[in-house]
Amino acid sequence: MGAAPASRDVTTYGMGLAVPLALFFLVFFVAPLLQLLWLSLHNDTAGLHWGLGQYLHFLTDPFSLGVLGSTLLLGAEVTAVCLVLGFPIAWLYQRVGPRLQTIIILIVLLPLLTSVVVRTFAWIVILGRQGIINATLQSLGIIDTPLKLLYTQFGVVLALAQVQMPLMTLPLITALGRIDPNLDDASCSLGAGSWRTFFRIVLPLSLPGVIAGCTLTYAAAITAFITQSLIGGGQMLFMPMYLYQQASTLQNWPFASAISIIFLLAVLAVVSVFTTLGRMSRGYGGA
Amino acid sequence: MIMNRRSLMTTALTLGAMKAFPGLSFAQARPLVFATFTGSWEEAHKAVLVPAFRKANADAAMVLDPMLSVDQIAKVNAAKANPPIDVMLHDPGPALVAIGQDLVEPYPVEKSASYKDLIAEAQEPMGPAPFFQVVGLTYNPEAVKTPPTSWADLWKPEFKGRVGITNLNSTLGTGWLVEIAKMRGGSEANVDPGFKALEELKPNLAAVAANPGALATLFQQGQIDISPGNFNAIQILKARGVPVEFVAPKEGAIAFKTTIHIVKNSPNRELAFKLIEAALTPEVQTTLMNPPYLIVPTNSKVTMGGEIARVLAKDTAELKQKFVFQDWKKINEQRSAWIERFNREIKI
């Protein structure tokens, strides 16, 4: 169009619109994070003596490393459960009529509309000694004494998987929706069975959604303080509770800061593994 | 009026700034701010203490800003010269932290009308205790037919897999461990016997809750039948119809002083003093002692009644006899080491 000013380059975009959010992040996210880093580099609680003591304390202490390890493992378990249970739902969503689609999306979204605290308390009712699972098993005569489900790793993984499920299902639904259904038919007509079609066509093409879902679920699961402490109890220590204990009960802010920085780096490492996998999958999907 | 982008932006920014920093609009005088605890404490203070204070002080403006002790300390620490809070409420551990960090003023004892009437343990010159919190044994009367009488009952084989405790994050958890240590010959300086006792308790442990509030849920779900518990928390559960009972063990119920403090550099020093005075009066303490609040009074002029007289103490003399107070100065010295040890050793 002749009316457009000649100097305007259509391939560049003005960054002006991003400024408010960038400023907001700078003031309320980057600055506190730097403060956290500054505080973690002190050896005493008053923050007077510089040093790497807090990091050394954490990294040379098998107990602290164990807490970090079990937290990262918990995230992996929850993510795996969400992926295995969420994928079929997302797949189903693409293959049913519009009415069922509405119902599925409602079921997927419903948990997001209630608070995490409420959902977690529901799990206490389900997993408790006199809870739904134990009552059912007992009335069926399968067990005599109630199983211990609450305050176990199994219970935490189960509850977290349900609580975080939408974060996995929604990206999967989007990713699977982008796959041309004709590819399925083409694969079948060329002689591939359903499983082969799934592993060679559907799964590779849905990988971006899988990666996005895994990243979200993982990050949410390992930081889920409420669910971890209500279902896991006081003796199963994960990083968020460890942090809370040091910061809140003991007022040991430098160590708490060091814990947060280490936790942050560990999570970033895991997330970057996911992202790398995602980048590789793009190449694979295109091949 | 011409509305252009610039004027719109300015207006938006101003409104935003006023919202974000309400102090801008009335930096000169702000109402008295009392940081009470959340939950039942807030309800009780809103319903009883605030009206009593306003009645006695010509309807002076005041605000309740409920938050945890730790948050109170953090907020005051962040603005020591012009603190956003005038009156703080603390459990014994955080109270010592606040005093240690020089955040509170000595209470003007000589001006106070009620201070001298407080029982000796509540007379703290850096901030008196208007209330006690009491920890004893909590049990489900439907499952436990003979009421327990001693902390030692938790170790009985009949409670295999039925006992709940909390970790040491809470005042309750730490205070209880100290009491167990004392029962076995330890003290505030030596909780080794307490940890040994915990080791022996493991077969009985059904749950180590992350906080005392979670214990309540465990009772409701039948996950546990017996645990150390806070008198007030149990009363709330009872009122909701959960089958729980509270008994003071024969070793004595653990009493925590909840202390109330004037914040250093408070712009409302005089009103802060008046509010604390109101909290110490026999009238306010009597009302708070009655249902539904059941808060244990510290003023010796209050006549004990109701549930408190029934399960805790009929008068101040009996109260002194049945309550044990702990040395939190000593406890605070080693608490972080204990928490670490608890983290490592208590796995069920």
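Modeller: Before we start, two residues are in contact if their C-beta atoms, placed from the backbone, lie within 7 Å. This is a predicted model, where local features need pLDDT of at least 70, side-chain atom pairs count only at pLDDT 80 or more, and totals for chains, interfaces and linings use all residues. Residues are numbered from 1 along each chain as its sequence is written, while chains are lettered from A and ligands numbered from 1 in the order in which they are written.

Biologist: Thanks! Which residues does Leu275(B) touch, not counting residues up to four places away in sequence?

Modeller: Leu275(B) is among the residues with the most contacts inside the largest nonpolar core. Such a core is a set of buried Ala, Val, Leu, Ile, Met, Phe, Trp, Tyr and Cys residues joined through C-beta atoms within 7 Å. Leaving out residues up to four places away in sequence, Leu275(B) touches Leu32(B), Phe34(B), Phe53(B), Met62(B) and Val87(B).

Biologist: And which helix of chain A gives the most to this core?

Modeller: The core has 152 residues. Helices here are DSSP runs (H or I, at least four residues), as are strands (E, at least two), numbered from the N terminus. With 15 residues, the top contributor is helix H7 (residues 153–177) of chain A.

Biologist: Which residues of helix H3 (residues 69–78) of chain B are buried?

Modeller: A residue is buried if 20 or more other C-beta atoms lie within 10 Å of its own, exposed if 12 or fewer, and partly exposed in between, with C-beta atoms placed from the backbone. By that rule, the buried residues of H3(B) are Ser69(B), Gln72(B), Ile73(B) and Val76(B).

Biologist: Is Tyr151(A) buried or exposed?

Modeller: Tyr151(A) is found in the loop between helix H6 (132–139) and H7 of chain A. Its phi is positive, about 65 degrees, although Tyr151(A) is not a glycine. With 28 other C-beta atoms within 10 Å, Tyr151(A) is buried.

Biologist: What about Asp102(B), buried or exposed?

Modeller: Asp102(B) lies in the loop between H4 and strand E4 (104–105) of chain B. Asp102(B) also has a positive phi, about 60 degrees, although it is not a glycine. With 10 other C-beta atoms within 10 Å, Asp102(B) is exposed.
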